[in-house]
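Let's take a friendly walk through this model together. Have a look at the sequence and the coordinates first, and then we can follow the ligands and the domains in turn.

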Amino acid sequence: MRILSGVQSSGKLHIGNYYGAIREFVRLQEEGEALYFIANLHALNSVRDGKLARRLTLETAAAFIALGVDPQRAALFRQSDVPEIPELNWVLGTVVPMADLENAHSYKDKLARGASPDFGLFAYPVLMAADILLYDTDVVPVGRDQKQHLELTRDWAGKFNRQYGGQVFKLPKERIRDETAVIPGRDGQKMSKTYNNTIDLFGTDKEVEKQVKSVLTDSTPPEAAKPVDQQPLYALLKLALSESDFAVIDARWRAAGGEPKSHGYGAFKQALLEAFHGTFDPARARYAELMADQAELERLLTAGAQKARAHAAPVMARVRLAVGL
Ligand code: ADP
Ligand code: TRP
């Protein structure tokens with residue numbers, strides 16, 4: 001089984017990225033041949049500063065490794081190190097209906113939030129389809145927000161195959177885990193760097209504490225039973241705590257007449273902060289080490305790109321033959 005996924009290097013990674021995506025990447029690298037990449041070409045749509053783009057690319061690579069992606073097992077690479085991607089992007093684009101792109105949710109959402117309608121943003125799903133189709137990918141682990149991109153990828157691959165009368169592309173499937181499909185942010189909307197509602201994986205202790213303390217709660221008094229629906233704090237505790245630790249917190253959350261010190265939202269935020277550090281402190285330390293040795297990161301990424309290009313070669317040979325290049 002060949003597994004592929006990517007994360008844009010467009011900002012700081014947050015726990016939504018971890019529970020929604022990277023944790024799954026780490027699990028899946030045991031199950032097949034995994035390719036994971038830093039989508040730094042996609043990131044150019046939002047990062048318009050070369051120095052920053054370069055730094056974010058390395059930070060994202062360090063984050064993958066620190067969180068458990070093993071560059072010996074998986075191919076870990078930078079999108080921009082694989083020149084076959086922009087080539088396939090072009091070829092694929094020749095069969096992509098404009099209407100598919102005009103109707104894509106992500107494009108419409110971004111415009112609605114004030115992004116400028118640039119070609120790169122418009123064509124984003126085609127580049128993503130090229131990323132996926134380039135390696136005969138079977139499975140693409142992603143968050144729910146990416147589902148439409150996978151549907152479009154299959155549509156276009158199917159259309160291309162029919163047009164050129166053969167099985168040029170393998171049709172990939174998304175893998176979305178239901179329980180973590182949408183991790184809520186501090187305000188209860190989907191956690192996203194665009195909504196400024198994140199808990200960052202590699203922020204300073206102070207920043208993380210501030211973010212955890214600002215998770216939105218209602219005005220239920222400490223001694224009263226708390227509602228569980230639509231409560232980002234409750235959902236985040238469920239995600240971050242072990243089952244047994246969560247059972248204790250859950251009982252307190254639902255209890256009426258409890259001790260205010262241990263049953264108020266402040267105590268629950270403290271529990272979330274402790275779970276965060278318990279889970280991520282080893283990765284945070286490893287991340288700092290990796291960022292201190294960027295030459296080693298560069299070496300790992302270069303080796304990863306070589307592996308990826310070797311997988312891409314037979315697919316590109318089929319594509320070029322089919323279209324007559
Ligand atoms: P952001 O929304 O912060 O810009 P990205 O779009 O770069 O995050 O997402 C990177 C990966 O993390 C994708 O696979 C995406 O589906 C996943 N992801 C991001 N935010 C969440 C979330 N709140 N819940 C689940 N998965 C998420
Ligand atoms: N669009 C994805 C995101 O925002 C990132 C991405 C780019 C990707 N190319 C991909 C994910 C290919 C999976 C496969 O999260």
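A polar contact here is a pair of N or O atoms within 3.5 Å; within protein, one must be able to donate a hydrogen and the other to accept it, and residues adjacent in sequence count only if both atoms are side-chain atoms. This is a predicted model, in which local features need pLDDT of at least 70 and side-chain atom pairs count only at pLDDT 80 or more, while totals for chains, interfaces and linings use all residues. Residues are numbered from 1 along each chain as its sequence is written, chains are lettered from A and ligands numbered from 1 in the order in which they are written, and side-chain values use heavy atoms, with hydrogens and water left out.

Start at ligand 2. An oxygen atom of this ligand sits 3.4 Å from an N or O atom in the side chain of Gln8. A nitrogen atom of ligand 2 is 2.7 Å from a side-chain N or O atom of Asp131, and a polar side-chain atom of Gln146 lies 3.0 Å from a nitrogen atom of the ligand. On its own, ligand 2 exposes 370 Å², and the protein buries 89% of that (accessible areas come from the Shrake-Rupley method with a 1.4 Å probe; for residues, only the protein chains shown count as cover). Strand E1 (2-8), strand E2 (33-39) and helix H7 (124-133) each give two or more residues to the shell around ligand 2; helices (H or I, at least four residues) and strands (E, at least two) are DSSP runs, numbered from the N terminus.

Now move to ligand 1, which 17 residues surround, the closest being His14, Asp145, Ile183, Ser192 and Lys193 (a residue counts if one of its heavy atoms lies within 4 Å). The side chain of Asp145 places an N or O atom 2.7 Å from an oxygen atom of ligand 1, and a polar side-chain atom of Lys193 is 2.7 Å from an oxygen atom of the ligand. Met191 takes part through its backbone, with an N or O atom 2.9 Å from a nitrogen atom of ligand 1. Taken alone, ligand 1 exposes 530 Å², of which the protein buries 93%. Helix H1 (residues 15-28) supplies the largest share of this shell, 4 residues.

Finally, step back to the whole chain. An automatic or database domain assignment gives domain 1 (2-183 + 294-323) and domain 2 (205-287). Their C-alpha centres lie 34 Å apart.
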